[in-house]
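Q: Could you take me through this structure, feature by feature, and show how each one is read?
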Amino acid sequence: MDKTNNAKFFAPKNRRLWISSVEKEEGTKSGVLLPEEYGSKNDKYTLAKVVSVANDCTSFGAHDMGVHVVVDTHMIESIEVFGAKLETVLENYVIGTVVM
């Protein structure tokens with residue numbers, strides 16, 4: 001299995017959620033869109049999509065994969081495995097779910 005282009009091999013453990021931050025497009029007053037890297041990441045909360053859930057989570061299960069959640073930005077852990085960037089967060093740092 002080529003793991004460099006497919007991060008589906010990752011299984012979160014210890015009450016962690018594997019999440020994918022939802023890209024936020026920001027415009028200026030002139031209507032020009034700015035890339036996410038422009039400016040500071042001082043947002044207290046981040047909207048993310050649940051990719052996978054650890055088996056020992058008490059508030060989330062396999063049925064929650066694909067659900068959008070609001071998480072504390074500072075508690076998101078970014079890791080790199082086989083060249084793939086992954087984000088995880090402990091389930092207790094999820095503030096709530098969002099219906100899209």
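**Reading a predicted model**

A: Start with strand β5, since it is mostly covered, with four of its five residues buried. Keep in mind throughout that this is a predicted model.

Q: Which strands are joined to β5 by bridges, and in what sense do they run?
A: Strand β4 (residues 45-53) is joined to β5 by five bridges, and the two run antiparallel. Within that pairing, Leu47 has Val70 of β5 as its bridge partner. Strand β8 (residues 94-98) is joined to β5 by four bridges, again antiparallel. There, Val71 stands opposite Val94.

Q: Where is Asp72, and is the residue buried or exposed?
A: Asp72 is found in strand β5. Its relative accessible area is 13%, under the 20% cut-off, so Asp72 is buried. Setting aside residues up to four places away in sequence, Asp72 touches Lys44, Tyr45, Tyr93 and Ile95.

Q: How many helices and strands does the protein have, and in what order do the elements run?
A: The protein has zero helices and eight strands. From the N terminus on, the order is β-β-β-β-β-β-β-β. Among contacts with a separation of 6 or more, 66% are between residues 24 or more positions apart.

Q: What pairs with β7, and how covered is that strand?
A: β7 is mostly covered, with five of its seven residues buried. β1 pairs with β7 in the antiparallel sense over four bridges, and Ile19 stands opposite Glu87 of β7. β6 is joined to β7 by five bridges, also antiparallel. In that pairing, Ser78 has Glu87 as its bridge partner in β7. β6 and β7 form a hairpin with two residues between them, and Phe82 in the turn has a positive phi of about 50°.

Q: How is a pair of aromatic rings read, and how many such pairs are there?
A: A pair of aromatic rings is described by the distance of the centres and the angle of the planes. Here the count comes to two aromatic pairs. In one, the rings of Phe9 and Phe82 have centres 5.5 Å apart and planes at 75°, so the pair is edge-to-face. Phe9 lies in the segment before β1 (16-21), and Phe82 in the loop between β6 (77-81) and β7 (84-90), so the pair ties together parts that are 73 residues apart in sequence. In the other, the rings of Phe10 and Trp18 have centres 5.6 Å apart and planes at 85°, so that pair is edge-to-face. As for cover, Phe9 counts as partly exposed at 22% relative accessibility, whereas Trp18 is buried at 8%.

Q: Which residues of the largest nonpolar core touch the most other members?
A: In soluble globular proteins, nonpolar side chains tend to be buried together. The largest nonpolar core of this protein has 13 residues, of which Leu17, Ile19, Phe60, Val69 and Val71 touch the most other members. At least two residues of this core come from each of β1, β4 and β5. β4 supplies the largest share, three residues. Beyond its neighbours within four places in sequence, Phe60 is in contact with Leu17, Val53, Val69, Glu91, Val94 and Thr97.

Q: Where is confidence lowest and where highest among the strands?
A: Where pLDDT is low, the predicted coordinates should not be read in detail. Confidence is lowest in strand β2 (residues 26-27), at a mean of 56, and highest in strand β5 (residues 68-72), at 97. The average pLDDT of the protein is 84, and 75% of the residues score at least 70. Over residues 1-5, pLDDT stays under 50, and the model has four contacts for them beyond four places in sequence.

Terms used
Residues are numbered from 1 along each chain as its sequence is written. This is a predicted model: local features need pLDDT of at least 70, side-chain atom pairs count only at pLDDT 80 or more; totals for chains, interfaces and linings use all residues. Side-chain values use heavy atoms; hydrogens and water are left out. Rings of Phe, Tyr and Trp (its six-membered ring) pair if their centres lie within 6.5 Å; planes under 30 degrees apart count as stacked, over 60 as edge-to-face and the rest as tilted. Buried means under 20% relative accessible area, exposed over 50%, partly exposed in between (1.4 Å probe, protein chains only). Contact means heavy atoms within 4.5 Å. pLDDT is the predictor's confidence in each residue, from 0 to 100. Two strands pair if DSSP finds at least two bridges between them. A nonpolar core is a set of buried Ala, Val, Leu, Ile, Met, Phe, Trp, Tyr and Cys residues joined through side-chain atoms within 4.5 Å.
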